[in-house]
Amino acid sequence: MKKIIVVLFLSLSIGAMAQIHNPVKWTTNTVKISETEYELVATATIEGEWHLYSQSVPEDGPFPTKFIFEGNGNYLKKGNTSEGKGHTIDDPVFGMRIKYFGHKADFKQRIKLKSKEDFDVKATVEFMVCNDTQCLPPNEVDLEFKVVQ
């Protein structure tokens, strides 16, 4: 409970700044794996000393990174979204071992094509960033991946 109060306090105390400062920029890319499979790559470029959390964080930890892919009849998701190695630390603020990414992070989702036409895959990424002194409230960004065959 104490950890939740700390995160809420930090989030509320900098709420106005969160609207102005966005230390993470997202880009997307697609990689052709085979005639029927592509990899959707979302890359987060993270400013300075900010860090982005993994998709898997312990309960009562920070808000994890989460991808939500909009379904359509052109593809099927294959497995879960993977992520790079990152850094695992004993975080003093949350009092637990947490995996995070600094400077850059790649997240990859494989898809199987059901169409021979070009199409877009729309997704949303939800995430939270912190540095050594503060955390920004969770944020949500729309992503678009262009599948060109």
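Buried means under 20% relative accessible area, exposed over 50%, and partly exposed in between, with a 1.4 Å probe and protein chains only. The model here is predicted, so to speak plainly about its limits: local features need pLDDT of at least 70, side-chain atom pairs count only at pLDDT 80 or more, and totals for chains, interfaces and linings use all residues. Residues are numbered from 1 along each chain as its sequence is written, and side-chain values use heavy atoms, leaving out hydrogens and water.

**Exercise 1.** Classify Asp-60 by accessibility and describe its backbone.

*Solution.* Start with location: Asp-60 lies in the loop between strand E3 (51-53) and strand E4 (66-69) (strands are DSSP runs of E, at least two residues, numbered from the N terminus). Next, take the accessibility: Asp-60 is partly exposed because its relative accessibility is 42%. Finally, look at phi, which is near 70° in Asp-60, a positive value in a residue other than glycine.

**Exercise 2.** Work out the surroundings of Gln-109.

*Solution.* Gln-109 is buried, because its relative accessible area is 0%. Then list contacts (heavy atoms within 4.5 Å): leaving aside residues up to four places away in sequence, Gln-109 touches Tyr-38, Glu-39, Leu-40, Phe-69, Lys-77, Lys-78, Gly-79, Asn-80 and Thr-81.

Key:
Helix = DSSP H or I, 4+ residues; strand = E, 2+ residues; numbered from the N terminus.
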